[in-house]
Amino acid sequence: MEEKTVYNMPGYSWNINEKKYQDFYRQSIKDSDLFWETQAKQLVQWKKSWTKVQNWDFYTGTIRWYEEATLNVSENCLDRHLQKRADKIAIIWEPDNPDEPTRIIRYAELHRQVCKCASVLSDLGVRKGDRVCIYLPMIPEAAVCMLACARIGAIHSVVFGGFSPESLAGRINDSKSKILITADQGLRGGRYIPLKANADKACHQTPSIEKVLVVQRGKQDINWVAGRDVWYHEQMEKASDMYDAVEMDAEDPLFILYTSGSTGKPKGIVHSSGGYLVYTACTFKYVFDYREDDVYWCTADVGWITGHSYIVYGPLSTGATVLMFEGVPTYPDASRFWHVVDKHRVSVFYTAPTAIRALIARGNEFVTCTDRSSLRVLGTVGEPINPEAWEWYYRIVGKQRCPVIDTWWQTETGGIMITSLPGAMNMKPGSASLPFFGNVPAIVDDKGNVLQGEANGNLVLTRSWPGQMRSIYGDHERYVKMYFSTYPGNYFTGDGARRDKDGFYWITGRVDDVINVSGHRIGTAEVESALVLHESVAEAAVVGCPHEIKGQGIYAYVTLCDGYEPSDELQQTLRGVVRKEIGGLAVPDVIQWANALPKTRSGKIMRRILRKIAANEVESLGDISTLADSTVVEKLIIQKKQQK
Ligand code: PRX
């Protein structure tokens with residue numbers, strides 16, 4: 001791959017410059033205990049200090065940070081700001097419909113609401129260690145409920161509002177959540193999302209749920225289950241606004257967040273309280289060059305890790321003003337992001353490449369008609385950013401005044417791992433750049449040999465960091481197998497990467513059977529399992545394919561049972577099955593009928609070949625001699641042409 005242009009940073013007094021980055025990075029590696037101890041003292045308020053900073057073993061998957069220390073995460077995000085920042089705005093909420101009023105919540109008010117909500121949950125029987133499932137739209141109550149769980153010491157499990165009732169039920173059952181918090185409805189791009197109706201359907205299959213707490217977002221009529229359903233606003237009105245934060249061990253779980261893997265059902269990623277908070281606060285401060293008067297906007301949904309770490313915990317523990325947006329980038333039109341930036345004088349803006357590409361497609365006028373002079377730093381996350389999108393973001397949106405920070409990380413890492421830092425390094429469009437303090441990535445070949453210098457291979461992390469996930473909920477063995485067994489002694493990311501001559505990392509995408517659709521992780525196995533539920537489907541194989549806006553699209557090969565004929569109608573039915581089982585985000589972009597699938601003699605589907613056909617790269621299919629029947633490939637290529 002040819003190296004792209006290197007941009008020098010525009011002149012500005014950044015918190016970290018090139019020399020500082022290098023010195024700081026060296027120190028953080030040389031004396032990791034000292035580095036993470038200093039950060040922990042500076043960024044977090046502890047009730048009791050630690051006896052040991054780090055204690056981990058990548059062979060057994062034992063990860064412990066700040067041993068024996070205690071704290072409360074909600075107290076860190078709220079109480080400790082009250083002396084200096086009681087009147088500072090914590091959350092600016094911008095509704096889907098620009099004509100609806102903005103909500104402004106100051107730190108004192110957020111503290112009051114969280115205490116009340118903790119009282120409500122406590123009255124409903126929630127205790128330390130209980131699981132609470134949160135299935136809410138992008139409204140401030142989502143953050144309030146997360147922080148209220150943290151205050152009690154309950155473990156939240158947020159489920160993205162785009163997931164179907166079946167997916168929601170699966171996550172509730174895996175975590176055995178006691179309470180479900182939802183809203184009567186969600187609103188996105190002018191469309192209602194029937195969250196309560198979905199929750200009702202899910203609750204037919206969730207014996208652990210005792211109460212459903214319902215936030216009122218709209219005015220739609222909803223079904224009500226007497227004895228089980230409770231209105232949030234009614235409970236909040238009468239709840240006490242005093243709730244003492246529970247003292248938690250640094251290693252007590254703060255939350256579970258489900259994400260897709262290459263096999264089986266989604267896994268419940270478990271994050272800690274102490275280490276996670278130190279890591280999110282630290283990365284937030286340095287990566288976004290945080291200043292006290294910043295207005296910071298991360299466009300992610302709280303249903304994903306980006307929302308957890310960089311809408312709620314990182315920024316609020318730092319005392320920042322966070323903008324929370326209910327809507328979508330293109331509603332009412334493609335200027336919406338930039339109108340919101342101007343309206344609230346947003347200075348730091350963090351979004352995903354897929355949103356950038358969707359906006360490029362609408363044309364520059366939607367951007368250039370706005371001012372955007374408040375912007376200082378632009379960030380991206382979720383998938384590799386193609387250099388064209390990077391250029392557009394840098395030139396058109398940022399007017400070449402703002403560094404573009406490409407942040408690589410994962411649900412499992414809790415926070416940003418490889419990234420550019422404003423002012424601290426040159427920018428190479430498309431490269432996530434250099435490791436964040438304390439991290440030592442490495443590139444290994446398929447046999448696990450560590451490659452030096454310029455290299456291309458599999459990305460691993462060779463040492464722990466405080467924000468690292470601690471386990472898969474209820475299945476520690478799977479955790480060890482998934483992350484620590486492929487390259488023993490290292491954490492395996494599942495990503496491929498290239499390191500260039502300057503030591504910059506270029507993430508090349510997943511090397512496992514996970515696809516990244518609009519920055520959302522989808523396990524191919526999950527989509528296949530959904531498709532084969534339908535009586536017509538004999539076999540299904542799902543792969544990723546290039547997609548102009550989404551980065552990757554979902555391409556499904558389907559073999560029908562005898563007696564079923566391919567038809568457009570059947571395609572729609574199958575799409576509907578996936579929508580019902582997983583949610584709209586997993587619906588295949590393409591369903592190709594296949595008489596048979598390419599398999600090895602031992603019966604293993606050769607996905608490599610399916611990926612090539614899906615990407616129209618049939619000239620470079622590679623070796624197909626190991627196939628049980630190599631004529632299958634030719635037939636698939638012909639079938640693809642015929643289906644168009
Ligand atoms: O493949 C990488 C890609 O997203 C995956 C993690 O997805 P998820 O756990 O849903 O978390 C997304 C938000 C942190 C990674 O394994 N990815 C994430 N950020 C980048 C990226 N790929 C390239 N460049 C990035 N900046």
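# Reading salt bridges, a strand and a ligand site

Author: Buried means under 20% relative accessible area, exposed means over 50%, and partly exposed lies in between, using a 1.4 Å probe and protein chains only. This is a predicted model, so local features need pLDDT of at least 70 and side-chain atom pairs count only at pLDDT 80 or more, while totals for chains, interfaces and linings use all residues. Residues are numbered from 1 along each chain as its sequence is written, and side-chain values use heavy atoms, with hydrogens and water left out.

Reader: Thanks! How do I read a salt bridge, and which residue forms one with Lys-428?

Author: Side chains of opposite charge can pair when their charged atoms come close. Here a salt bridge is a side-chain nitrogen of Lys or Arg within 4 Å of a carboxyl oxygen of Asp or Glu, and the count comes to 41. Lys-428 pairs with Asp-502, their closest N and O atoms being 2.7 Å apart. Asp-502 sits in the loop between strands S27 (491–499) and S28 (505–510), and Lys-428 in the loop between strands S21 (418–419) and S22 (434–435), so this pair ties together parts 74 residues apart in sequence. Asp-502 counts as partly exposed because its relative accessibility is 41%. Helices (H or I, at least four residues) and strands (E, at least two) are DSSP runs numbered from the N terminus.

Reader: How many residues apart are Asp-200 and Lys-196?

Author: They are four residues apart in helix H8 (residues 195–203), about one turn of the helix. Compare the salt bridge of Glu-326 and Arg-217, at 2.7 Å from N to O. That pair links distant parts of the chain, 109 residues apart. Glu-326 and Arg-217 are both buried.

Reader: Now strands. Which way do the side chains of S20 point?

Author: In a regular strand the side chains alternate between the two faces of the sheet. In S20, Val-404, Asp-406 and Trp-408 point one way, Ile-405 and Thr-407 point the other way, and all are buried. S20 spans residues 404–408.

Reader: Which strands pair with S20?

Author: Two strands pair if DSSP finds at least two bridges between them. S21 pairs with S20 in the antiparallel sense over two bridges, with Thr-419 of S21 as the bridge partner of Thr-407. Strand S19 (residues 377–381) pairs with S20 in the parallel sense over four bridges, and Leu-378 stands opposite Val-404. From S19 the chain passes through helix H15 (residues 387–397) to S20 in a right-handed β-α-β crossover. Right-handed means that, with the strands pointing away from the viewer, the path from the first strand over the helix to the second runs clockwise.

Reader: And the ligand: how many residues surround it?

Author: The ligand is surrounded by 17 residues, each with a heavy atom within 4 Å. S20 supplies the largest share of this shell, three residues. For polar contacts, look for pairs of N or O atoms within 3.5 Å. A backbone N or O atom of Thr-407 lies 2.7 Å from a ligand nitrogen, and a side-chain N or O atom of Gln-410 is 2.9 Å from a ligand oxygen. The protein covers 96% of the 540 Å² of accessible area that the ligand has on its own, by the Shrake-Rupley method with a 1.4 Å probe.

Conventions. A polar contact is a pair of N or O atoms within 3.5 Å; within protein, one must be able to donate a hydrogen and the other to accept it, and residues adjacent in sequence count only if both atoms are side-chain atoms.
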